[in-house]
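Open the model in your viewer and keep the selection panel at hand. The stops below go from a helix pair to a sheet and then to a helix lying on it.

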Amino acid sequence: ANIYVFHGPNLNLLGVREPQHYGMQTLAEINQELLEMAKQAGLRAECRQTNHEGDLLDWIQALTSEDFLILNPGAWTHTSYAIRDAISGVKVPAVEVHLSNIHARESFRETSLIAPVCLGQISGLGAASYTLAMRYAINYQIGRSQ
Ligand code: DQA
């Protein structure tokens, strides 16, 4: 069982793109911190980013219900029934994360098609959205291995 962190489209631009919404930290820096947290807890984690929706579908389909998924679906949050179906299809426990508060921006961002198939959503806390999700994932994975 592993913890997977998947980042969707445009998140490779973190640190450069709209820092007022997404902060100054790069994706590499965020990933580094998440991997360190998992390592400290004795768990395996892996971080990936893609701008191609089909890649994300393939990656999700390769997960099992023993894994844990931390997912920032980027703009696919608001558009992709396919990603939602993949998560519910493999029954992987998942947490949806967003750097920005999707409920406090343009109205099209308020709807998440993904959140209903996740355990929960963390939105608006910047990079802490990810680290809090990782903390939860670690507790979840340790809890069910006992
Ligand atoms: C985002 C919010 C989305 O609405 C947006 O399309 C992104 C980033 C976030 O992390 O705040 O690409 O998922």
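Which residues in α3 meet which residues in α4? Glu53, Leu56, Leu57, Ile60 and Gln61 of α3 meet Ala82, Ile83, Ala86, Ile87 and Val90 of α4, where contact means that C-beta atoms, placed from the backbone, lie within 7 Å. This is a predicted model: local features need pLDDT of at least 70, side-chain atom pairs count only at pLDDT 80 or more, and totals for chains, interfaces and linings use all residues. Residues are numbered from 1 along each chain as its sequence is written.

By class, the contact of α3 with α4 has eight nonpolar, one polar and one charged residues (nonpolar: Ala, Val, Leu, Ile, Met, Phe, Trp, Tyr, Cys and Pro; charged: Asp, Glu, Lys and Arg; polar: the others, Gly among them).

Now select residues 53–61 and 81–90, which are helices α3 and α4. Helices (H or I, at least four residues) and strands (E, at least two) are DSSP runs, numbered from the N terminus. The axes of α3 and α4 are 9 Å apart, at an angle of about 10° (axes are lines fitted to C-alpha atoms, for helices over the stretch in contact; angles run from 0 to 180 degrees between N-to-C directions). The two helices α3 and α4 are therefore roughly parallel, a term for angles under 35 degrees.

Next, show the strands. Five of them form an open sheet with parallel pairing, in the order β2-β1-β3-β4-β5; strands pair if DSSP finds at least two bridges between them. β2 (45–49) and β5 (120–123) are at the edges with a single partner strand each, so one side of each has no neighbour in the sheet.

Select 68–72 and 94–98: β3 and β4 pair in the parallel sense over three bridges. Leu69 stands opposite Ala94 in β4.

Finally, select helix α2 (residues 27–40), which lies across β1 (3–7) and β2 and runs at about 165° to β2.

Notes: Angles under 35 degrees count as roughly parallel, over 145 as roughly antiparallel, 65 to 115 as roughly perpendicular and the rest as oblique. Two residues are in contact if their C-beta atoms, placed from the backbone, lie within 7 Å.
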